[in-house]
Amino acid sequence: MDPHLETEFRDFVESRWQPLLRTAYLLTGDHGLAEELLQTALVRTHRRWRQIERSDAPEVYVRKVLVNLHRTWWRRARRREDPTGTVPERVDLTADSHDAYAAYERRDELWRAVLALPPRMRAALVLRYFEDLPEAEVARILDCSLGTVKSQTSRGLDRLRTAYETRRDS
């Protein structure tokens with residue numbers, strides 16, 4: 001690769017590492033997997049950097065690679081999943097609201113509900129609400145229509161609300 005392009009790529013990675021890593025973490029829910037996902041995405045980006053750097057949106061390209069890679073990983077992981085015969089114990093979040101751990105437990109419960117969403121729905125929510133991207137940008141990254149982004153985010157929020165209400169009522 002041309003040394004000038006190599007320098008541009010290195011500068012891009014250094015300047016965008018943290019925001020991209022945050023996106024990867026929000027997609028995977030695991031710090032180690034997030035780093036692995038981002039590194040894999042950057043390797044793929046590096047291979048095409050000559051074409052990408054000419055566009056005005058290399059970060060959009062990397063986010064798209066992150067989402068697509070995560071979706072692929074998620075499908076593979078689902079096939080390897082071994083269900084257990086026991087249900088994990090759940091914590092009563094409605095008990096003492098002054099409990100020092102109550103806020104953490106509610107956040108953890110929400111995070112588990114986010115991680116249970118299908119990859120495309122989770123990606124739409126992560127990009128739209130955690131990354132605060134406009135719907136048009138999310139549609140561009142996910143390579144789908146604006147209507148699909150709206151329906152995926154709406155359904156995702158509905159699922160999260162239902163999970164929270166079910167948890168609160170039980």
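**Aromatic pairs and the nonpolar core**

Tryptophan 111 has a relative accessibility of 18% and therefore counts as buried, the cut-off being under 20%. This value, like those that follow, comes from a predicted model.

Helix α1 spans residues 3-28 and is not straight: at tryptophan 17 it bends by about 60 degrees. A proline, proline 19, follows within four residues of that point. An α-helix has 3.6 residues a turn, so residues three or four places apart point the same way. After α1 comes glycine 29, with a positive phi near 80 degrees.

A search of the whole structure turned up three aromatic pairs. One of them joins phenylalanine 12 to tryptophan 49 in a tilted arrangement, with 5.3 Å centre to centre and 40 degrees between the planes. Because phenylalanine 12 belongs to α1 and tryptophan 49 to helix α3 (residues 49-52), this pair ties together parts that are 37 residues apart in sequence. Both partners count as buried: phenylalanine 12 has 10% relative accessibility, and tryptophan 49 has 3%. Tyrosine 25 and tryptophan 111 make up another pair, this one stacked, at 5.6 Å centre to centre and 15 degrees between the planes. Tyrosine 25 lies in α1 and tryptophan 111 in helix α5 (residues 102-116), so here the linked parts are 86 residues apart in sequence. Tyrosine 25, at 24% relative accessibility, counts as partly exposed, whereas tryptophan 111 counts as buried. Ring pairs also bring Phe9, Phe12 and Trp49 into a cluster. Elsewhere, a charge meets a ring: the charged end of arginine 128 sits over the ring of tyrosine 129, 5.6 Å from its centre.

The largest nonpolar core comprises 41 residues, and those with the most contacts inside it are Leu38, Val62, Leu66, Val67, Leu127 and Leu142. Elements giving two or more residues to this core include α1, α2 (31-47), α4 (58-80), α6 (119-130), α7 (135-142) and α8 (146-169). The most comes from α1, which gives nine residues.

How values were computed
Residues numbered from 1 in each chain as written. Predicted model: local features only at pLDDT ≥ 70, side-chain atom pairs only at ≥ 80, totals over all residues. Heavy atoms only, no water. Bend = angle between axes of the 7 residues up to and from the residue. Phe/Tyr/Trp six-rings, centres within 6.5 Å; stacked < 30°, edge-to-face > 60°. Buried < 20%, exposed > 50% of the residue type's maximum accessible area, 1.4 Å probe, protein only. Lys NZ or Arg CZ within 6 Å of the ring centre and 35° of its normal. Core = buried A, V, L, I, M, F, W, Y, C linked by side-chain atoms within 4.5 Å.
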